[in-house]
Amino acid sequence: MNKEQQAITEREIEFMKQLHQAAQMGRDTLEHVNNNIGPGEMRSAIEKDIFDYSDVCAQLKRKLDEREDEPKSVGKLTQFMSSMMIDMKIKDDTPENEIAKMIIDGTTKGVTECTSKLSAYSDVDNDIKNIAYKFLWVQQKNIDEMKRFLHN
């Protein structure tokens, strides 16, 4: 492998690791939200979204495995801070529309970040870009799903 090919491979690995971290953070956050709410339509919707985020994580992990590399996990401090914020904001009496707004806000930031990364890594392999586009689709679907809870 020449230096140019090595550089591209390293960029692809870096991109996949960043995408995996973002998908893992989204999944973990939704799981924590789900643990703080009761049964119902919102819980079912979030569980479907968790499945989709997990699928993106699995696809990225397989691609990294092909390159004999590992995903980089979300930092413990970041996870802890996120969990604390969720615990502070979501109580038993928090209305679904407020929870939906929180999820939409967080996911919108994720869409912006992923779009920016896709632009910055436009030279990577199409299979990797397709996973990133799927991740964007998952996030947009999450936002669209949560919109229906804004009217409660």
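I began with burial: 40% of the 152 residues in the protein are buried (buried means under 20% relative accessible area, exposed over 50%, partly exposed in between, with a 1.4 Å probe and protein chains only). The model is predicted, so I noted that local features need pLDDT of at least 70 and side-chain atom pairs count only at pLDDT 80 or more, while totals for chains, interfaces and linings use all residues. Residues are numbered from 1 along each chain as its sequence is written, and side-chain values use heavy atoms, with hydrogens and water left out.

**Overall layout**

Along the sequence the pattern reads α-α-α-α-α. The C-alpha trace spans about 60 × 30 × 20 Å along its principal axes. I then looked up contacts (heavy atoms within 4.5 Å): of those between residues at least 6 apart in sequence, 81% join residues at least 24 apart.

**Helix α2**

I checked the length of α2, residues 41-66. Its 26 residues should span 38 Å at 1.5 Å a residue, and the end C-alpha atoms are 38 Å apart, which agrees (the expected span is 1.5 Å times one less than the number of residues). Just after α2, I found Glu68 with a positive phi of about 55 degrees.

**Helices α4 and α5**

I recorded that α4 (residues 96-120) packs on α5 (residues 126-147) at an angle of about 160 degrees, with the axes 9 Å apart. Axes are lines fitted to C-alpha atoms, for helices over the stretch in contact, and angles run from 0 to 180 degrees between N-to-C directions. The angle makes α4 roughly antiparallel to α5 (over 145 degrees). The contact includes Ile103, Thr107, Val111 and Leu118 of α4, and Tyr133, Leu136, Gln140 and Ile143 of α5. By class, I noted twelve nonpolar, seven polar and two charged residues in this contact (Ala, Val, Leu, Ile, Met, Phe, Trp, Tyr, Cys and Pro count as nonpolar, Asp, Glu, Lys and Arg as charged, and the others, Gly among them, as polar).

**Met102**

I located Met102 in helix α4. Its relative accessibility is 25%, so Met102 counts as partly exposed. Leaving aside neighbours within four places in sequence, Met102 is in contact with Lys89 and Ile90. I also looked up Met102 and Gly26, which are 76 residues apart in sequence and 12 Å apart in space, C-alpha to C-alpha.

Technical notes
Helix = DSSP H or I, 4+ residues; strand = E, 2+ residues; numbered from the N terminus. Parallel < 35°, antiparallel > 145°, perpendicular 65-115°, else oblique.
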